Amino acid sequence: MALVVAQEVPTSSSMAVTHGPAGVGQARHRMRDQLRTGGVSEAIIDDAVLILSELLSNACKHGRPLGDALAGDGDVRCAWRVDTGGRLTVEVTDGGGPTRPAPATPSVTAHGGRGLNIITALADDWGVRDDTRGEVTVWVVVHEDVHDPDAGHRRDDFATRVTAPTVSAIPRLGFADAYDDDRD
């Protein structure tokens with residue numbers, strides 16, 4: 001006779017992450033393992049892990065550690081949960097900072113500043129919550145229903161929404177005319 005023990009898969013997790021790049025990989029690995037074990041689709045897991053990485057990087061770059069610790073010495077907190085309706089939410093909490101989290105408009109050559117724009121593109125919703133102790137939590141709803149078989153699939157028209165018309169498609173304008181400043 002075999003004894004079978006059912007192990008409850010955590011649908012939520014919370015952990016302290018070192019204020020700095022060292023803990024980000026551990027948090028991503030733990031999230032991936034727990035969501036995979038919980039039956040969440042790989043496409044949604046990939047989005048959730050990328051979102052967690054962006055949130056943690058922003059918290060370490062722009063926010064203070066929790067409590068009275070100095071930058072690099074303390075922790076930030078991350079959490080994720082799948083509620084009973086199948087909605088996956090990711091949160092990162094830091095000790096606050098000099099600016100409020102908001103999407104930036106970086107130049108084409110900028111080395112950063114795209115994190116919240118990436119999150120906006122991947123998530124169903126996101127926002128910022130402040131508390132009385134000065135802590136700031138950025139929360140993201142990665143997907144409304146992780147059990148949806150179509151969840152996490154990119155829209156087929158995504159690439160066509162961002163392409164520009166070719167110069168030849170502009171009426172009465174040849175390629176050489178595009179650079180001619182003396183046109184009437």
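**Close-up views of salt bridges in a predicted model**

**View 1. Arg87 and Asp83 form a salt bridge.** In this predicted model, the closest N and O atoms of the Arg87–Asp83 pair are 4.0 Å apart. Arg87 is partly exposed, at 33% relative accessibility.

**View 2. A salt bridge joins the side chains of Asp130 and Arg100.** The N to O distance is 2.6 Å. Asp130 belongs to strand 4 (residues 125-130), whereas Arg100 sits in the loop between strand 3 (88-94) and helix 3 (115-122), so the contact ties together parts that are 30 residues apart in sequence. Asp130 counts as partly exposed, with a relative accessible area of 47%.

**View 3. Arg133 is paired with Asp131 in a salt bridge.** The closest N and O atoms of Arg133 and Asp131 lie 2.8 Å apart. Arg133 has a relative accessibility of 62% and counts as exposed, whereas Asp131, at 29%, counts as partly exposed.

**View 4. Four residues are linked in a network of salt bridges.** The members of this network are Arg32, Arg36, Glu42 and Asp46. For the model as a whole, the count comes to 10 salt bridges.

Terms used
Residues are numbered from 1 along each chain as its sequence is written. This is a predicted model: local features need pLDDT of at least 70, side-chain atom pairs count only at pLDDT 80 or more; totals for chains, interfaces and linings use all residues. Side-chain values use heavy atoms; hydrogens and water are left out. Buried means under 20% relative accessible area, exposed over 50%, partly exposed in between (1.4 Å probe, protein chains only). Helices (H or I, at least four residues) and strands (E, at least two) are DSSP runs, numbered from the N terminus.
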